[in-house]
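Please read the points below alongside the model, which is shown first.

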Amino acid sequence: SSSLSSSSSSTSKSLNSALGSCHGLPYRLRGGCPEEGAVRVELSKHRQSSAGKQLRLRRAPSLLQRAPHAEPLQHVVVLRGGSESYSTGSESENDKKLGTKEPGFKSYGHGDDEEEEDEEQDLLDEVERSPHNVDALRELGYYLWEELGDLDRAESTFQDNVNSNPRDPVALCDLANFMCEERRNLTMGEELYLRAVESNPFDSLALTNYADFLETEKLDLEGAKQYYLRAIEGNPSDAEILCDYADFLAHRMKDTDEAQVFYKRACEKRPHCPKTLSAYGSFLSGQNQTEEAESFFLRAIDSSPHDPEALCEYGRFLWKGIGDLEKAEIYLRRALKSNPHNEEVIDDLAEFLRKGKCNDGEASEILALKDPMSDERSD
């Protein structure tokens, strides 16, 4: 999981997500890779910036661990404050439809309304017990934002967190992300990012968030590059930063030679990380190095057989890179089984069914799995 310096350093030592079962929360682990024995939650949430580019909204680390001697779908989540929260998943209609109850399979997604009410109350209780705890406030804020769509209460909660922890990069970046994504208040967002950077000049979360902001919102590529390099200087072994910088070099700066150097460095630092391996595979595919690309996609899946993004990346490669529609469909469906609420996976499978298989009917059924609240927010 991502390390955060200064006030965030304790986050890397104690795990801070109380919402691992909520499909909409865009948590990131370091390099997108879970620790040994952990269950990875959704890597990231992308949105279109005003410039039409993908903005990677980074979050402080969250890690969901299996509770010792628990039922298969019961989990324990440890907050920075030291308290624990338990949640148990329930089988949904989509699980039945998609056949996701395989042995050893970890389902993602929603519980029923009663479970969601319990979840919200648990978070409110945690804030009441620790009213200035960074993680308790931020998890409540994300629940209100991503799960309930209650933007006013979410903003108020994020603001309370900044008021209680005015120099914590986590709290500052959370509010900045919210202001940029939901309120489109880029001036306030930039002020908050800069405050986060000033509070700790080598904090990876603050530096990479601000780099993304410069890249996507201000189109200041040179400025973004400098902040990426500062993040790497302070965190030279962080595979996620290395991989994101490689993406930036390849897709924004069009410097494929330098990008390959950083992709290789990322894979060397985390040789079993599905995110970095898949990213390098996609890069190699774009360079028409098909055989080598496939080897990295397969390594990603071997390292994490139920990773929805690794499965989906390989499915796309099989379809568009090789033209193997039969195998592509297998891996895209596996990706959806792994996370029936991942909207990028839903979109990719629907596109494949529509364009690759000419099956508009099933494509529409797959698209119907998307969360209506997310569509309403995007509109």
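**Notes on the predicted model**

1. Among contacts in the protein chain (heavy atoms within 4.5 Å) between residues at least 6 apart in sequence, 59% join residues at least 24 apart. The protein chain has 17 helices and six strands, these being DSSP runs numbered from the N terminus, with H or I of at least four residues for helices and E of at least two for strands. Of the 379 residues in the protein chain, 54% are buried, where buried means under 20% relative accessible area, exposed means over 50%, and partly exposed lies in between (1.4 Å probe, protein chains only).

2. On the basis of these notes, this is a predicted model in which local features need pLDDT of at least 70 and side-chain atom pairs count only at pLDDT 80 or more, whereas totals for chains, interfaces and linings use all residues. Residues are numbered from 1 along each chain as its sequence is written, and side-chain values use heavy atoms, with hydrogens and water left out.

3. Helix H3, covering residues 134-147, has 14 residues and spans 19 Å from its first C-alpha to its last, close to the 20 Å expected at 1.5 Å a residue; the expected span is 1.5 Å times one less than the number of residues. H3 is mostly covered, since 14 of its 14 residues are buried. After H3 comes Gly-149, which has a positive phi, near 70°. Within this part of the chain, the side chains of Glu-139 and Arg-138 meet in a salt bridge at 3.2 Å, N to O, and both residues are buried.

4. Which residues touch the most other members of the largest nonpolar core? In this core of 83 residues they are Tyr-263 and Ile-366, and the largest share of the core, nine residues, comes from helix H5 (residues 169-183). A nonpolar core is a set of buried Ala, Val, Leu, Ile, Met, Phe, Trp, Tyr and Cys residues joined through side-chain atoms within 4.5 Å. Not counting residues up to four places away in sequence, Ile-366 touches Leu-336, Ile-346, Leu-349, Ala-350 and Leu-353. In soluble globular proteins, nonpolar side chains tend to be buried together.

5. The aromatic pairs come to 22, by a rule under which rings of Phe, Tyr and Trp (its six-membered ring) pair if their centres lie within 6.5 Å, with planes under 30 degrees apart counted as stacked, over 60 as edge-to-face and the rest as tilted. Tyr-228 and Tyr-245 form a tilted pair, 5.7 Å centre to centre with 45° between the planes. This pair links distant parts of the chain, with Tyr-228 in helix H8 (residues 221-234) and Tyr-245 in helix H9 (residues 239-251), 17 residues apart, and both tyrosines are buried. Tyr-263 and Phe-283 form a tilted pair as well, at 4.9 Å and 40°; Tyr-263 belongs to helix H10 (residues 256-269) and Phe-283 to helix H11 (residues 274-286), 20 residues apart. Tyr-263 and Phe-283 are both buried. Ring pairs also link Tyr-142, Trp-145, Phe-158 and Phe-178 into a cluster.

6. The structure holds 19 salt bridges, each defined as a side-chain nitrogen of Lys or Arg within 4 Å of a carboxyl oxygen of Asp or Glu. One of them joins Glu-120 to Arg-153 at 3.2 Å, N to O, and links helix H2 (residues 113-129) with helix H4 (residues 151-164) across 33 residues of sequence.

7. Asp-244 lies in helix H9 and Lys-275 in helix H11, 31 residues apart. Asp-244 is buried at 1% relative accessible area, and Lys-275 counts as buried at 15%. Elsewhere, salt bridges that share partners join Glu-329, Arg-333, Lys-357 and Glu-362 into one network.
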